[in-house]
Each structure stands twice: as C-alpha cells, then as structure tokens.
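Student: I would like to learn how to read the local features of a model like this one. Could we take them one at a time?

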Amino acid sequence: MLSYRHSYHAGNHADVIKHLVQICILNYLKRKDKPFCYHDTHAGAGLYSLHSEQAQKTAEYQTGIGKLWNYQGSNADIKAYVDTIRRVNDSDDLAFYPGSPKIADLLCRATDTIQATELHPSDQPILASQFQRRKFCRIEKMDAWAGLRAMLPPLSKRGLVLIDPPYELKTEYQDLVKGLQQAYQRFPQGTYAIWYPVIERQAVESFIDALVDTQIRNQLRIEYSPLPDNEGFGMTGSGMLVINPPFTLKQDMENCLQELAPLLSQSPAAQWQVTQLVDE
C-alpha cells in the first residue's frame with residue numbers, strides 16, 4: 001500500500017520508547033572497539049520537520065518529545081535520548097526529529113556499518129541523500145524481508161536489527177514472524193528490536209505469543225501505554241520486543257519508564273511493563 005508516512009507521527013510517545021531502546025542498545029554496542037552493523041528494515045525518510053504541514057496537522061510530537069524537550073531529570077539514558085534529538089536542532093527550538101536511521105547515523109562510529117531498506121518512492125531518495133558521505137553504508141529501495149536475506153549476516157558478526165513495520169496490512173504480523181525467523185537463522189548472535197503498536201489488546205497478545213512460539217531464546221518485552229486499552233480506536237501505546245538484549249537493558253528501561261510514565265501519561269490508567277518473556 002505504501003500509504004503510511006511517518007511525518008505525521010514523528011516524535012510521538014511511541015517514538016520516544018522506540019528510540020530510547022535503540023539508543024541504549026547502540027551505546028552498549030559501542031562499549032567495545034570492534035565495529036558493528038546497524039540494519040533498519042523500514043527506514044522512512046530519516047529526518048522530519050516538526051513544522052511541516054503533516055506534523056502540525058496531528059501535533060503528535062507534543063505527546064512525546066515535546067514533553068521531554070526541557071528534561072531536567074537525572075536519568076542518564078533519558079538525557080542521552082534528548083541530547084541526541086538536540087543534535088539535529090540548531091537552537092532551543094524543537095524543529096526537527098530524527099528517525100531511527102538518522103539516530104544511527106548520529107551515534108554510530110565511522111567504522112560501524114549502516115544498512116537500511118525503504119520502499120516508499122518519496123522517502124527512499126530523501127533517506128539515501130543523507131548518507132552519501134558515510135563510508136560503510138548501504139541504503140536500498142528494497143522490500144524489508146528481501147533486504148534481511150540479502151544483507152545478513154553482516155561481516156562484523158555483531159549488531160542491531162531494528163524492525164519497525166507500518167502494520168498497514170493484517171498480513172504484516174505474519175510476515176514479520178516469518179522474516180524474523182529467517183533473519184535469526186542467518187544472524188543468531190544479533191540483537192533484534194521489534195516495534196509494535198498497541199491498538200487492540202487481544203491482537204497484541206496474539207502477536208507476542210507468536211514471537212514467543214518461534215522458540216527463539218532471550219526475549220525481552222518493553223511496553224508503555226499512556227492511554228488505557230480500547231478496542232481499535234487508535235493507538236493507545238506501543239512496545240519493543242528485543243531479542244538478545246544487552247544484559248543492562250532490562251534494568252535501564254525499568255528505571256527509564258518509572259520516570260517517563262508520569263511525564264508522558266495521558267490518563268490515570270497509563271501502564272507499562274518490562275518483562276523477560278523467554279530466558280537466555
């Protein structure tokens with residue numbers, strides 16, 4: 001369909017959780033000198049103007065980064081997240097928000113590799129133009145699952161694969177499970193971070209069960225919902241299912257969400273969890 005445009009949603013509460021997890025993992029990988037690979041399956045345009053007509057129409061960023069822009073707390077991971085967003089803004093004005101491939105570009109070292117696939121005919125050229133000067137980089141107009149088959153395993157044999165489909169079609173859930181299994185067979189030592197929306201609770205739990213049923217070990221679930229569950233009337237929250245997470249990630253995200261939950265909450269029924277679903 002290719003109708004989804006992240007420009008309407010950039011910087012919302014789901015982006016906060018997704019990119020906080022991404023930054024925690026990337027910074028952990030950087031603890032070792034050995035290069036790693038970052039692979040983004042649904043990369044989008046890379047950088048989004050929050051003054052654009054699309055962003056202003058929904059103003060979703062006001063429920064996410066807008067509430068954290070002047071963060072004064074002491075949590076080091078939340079600070080690292082906000083500092084990363086500030087790097088694409090020239091002043092104290094919150095004007096731009098980086099997508100996951102741009103965040104990787106900001107954080108990865110010159111020796112690390114960035115791989116990304118994007119099919120949208122408007123977004124892919126915009127994305128590719130931002131990486132022309134990076135040496136170890138491959139940005140392709142390619143189906144996400146074909147990209148995983150073509151590019152994994154990376155030469156470095158370590159890295160992060162971020163899987164963030166738009167979930168426009170019901171088949172995308174099944175496609176993701178199948179694509180993940182194929183990717184994991186090729187690159188079992190990699191870390192996989194899978195984003196999912198919370199729209200209908202029953203559908204979410206069925207999806208999580210399908211991921212657990214793959215029998216892939218070491219699965220960590222991180223989820224935050226600023227609104228109470230409802231039955232299909234918009235996204236009330238989102239989560240990240242992380243395979244082979246850094247051993248520090250569970251505690252780090254518990255600390256983050258304890259502080260973020262009241263800051264981003266839109267309801268007294270807001271909820272969060274950090275749950276080890278499958279042991280190592």
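Student: Where is Asp164 found?

Tutor: This is a predicted model, so local features need pLDDT of at least 70 and side-chain atom pairs count only at pLDDT 80 or more, while totals for chains, interfaces and linings use all residues. Residues are numbered from 1 along each chain as its sequence is written, and side-chain values use heavy atoms, with hydrogens and water left out. Helices (H or I, at least four residues) and strands (E, at least two) are DSSP runs numbered from the N terminus. Asp164 lies in the loop between strand 6 and helix 8.

Student: Is Asp164 buried or exposed?

Tutor: Buried means under 20% relative accessible area, exposed over 50%, and partly exposed in between, with a 1.4 Å probe and protein chains only. Asp164 has a relative accessible area of 11%, so this residue is buried.

Student: Which residues does Asp164 touch?

Tutor: Contact means heavy atoms within 4.5 Å. Not counting residues up to four places away in sequence, Asp164 touches Lys18, Thr41, His42 and Trp195. With Lys18 there is also a side-chain polar contact of 2.6 Å. A polar contact is a pair of N or O atoms within 3.5 Å; within protein, one must be able to donate a hydrogen and the other to accept it, and residues adjacent in sequence count only if both atoms are side-chain atoms.

Student: What feature does UniProt place at Asp164?

Tutor: The unreviewed UniProt entry gives "active site" there. UniProt positions are in the numbering used here, feature names are shortened, and annotations may be inferred rather than shown by experiment.

Student: Which residues touch the most other members of the largest nonpolar core?

Tutor: A nonpolar core is a set of buried Ala, Val, Leu, Ile, Met, Phe, Trp, Tyr and Cys residues joined through side-chain atoms within 4.5 Å. The largest has 78 residues, and Tyr81, Ile194, Ile222 and Met253 touch the most other members. Helix 1 (residues 13-29) gives the most to this core, with 10 residues. Leaving aside neighbours within four places in sequence, Tyr81 is in contact with residues including Val16, His19, Leu20 and Ile23.

Student: How many disulfides does the count come to?

Tutor: A disulfide is a covalent bond between the sulfur atoms of two cysteines. The rule here is a pair of cysteine sulfur atoms within 2.5 Å, and the count comes to zero. For Cys24, the nearest cysteine sulfur is that of Cys256, 5.3 Å away. Cys24 counts as buried, at 10% relative accessibility. For Cys108, the nearest cysteine sulfur is that of Cys37, 8.6 Å away.
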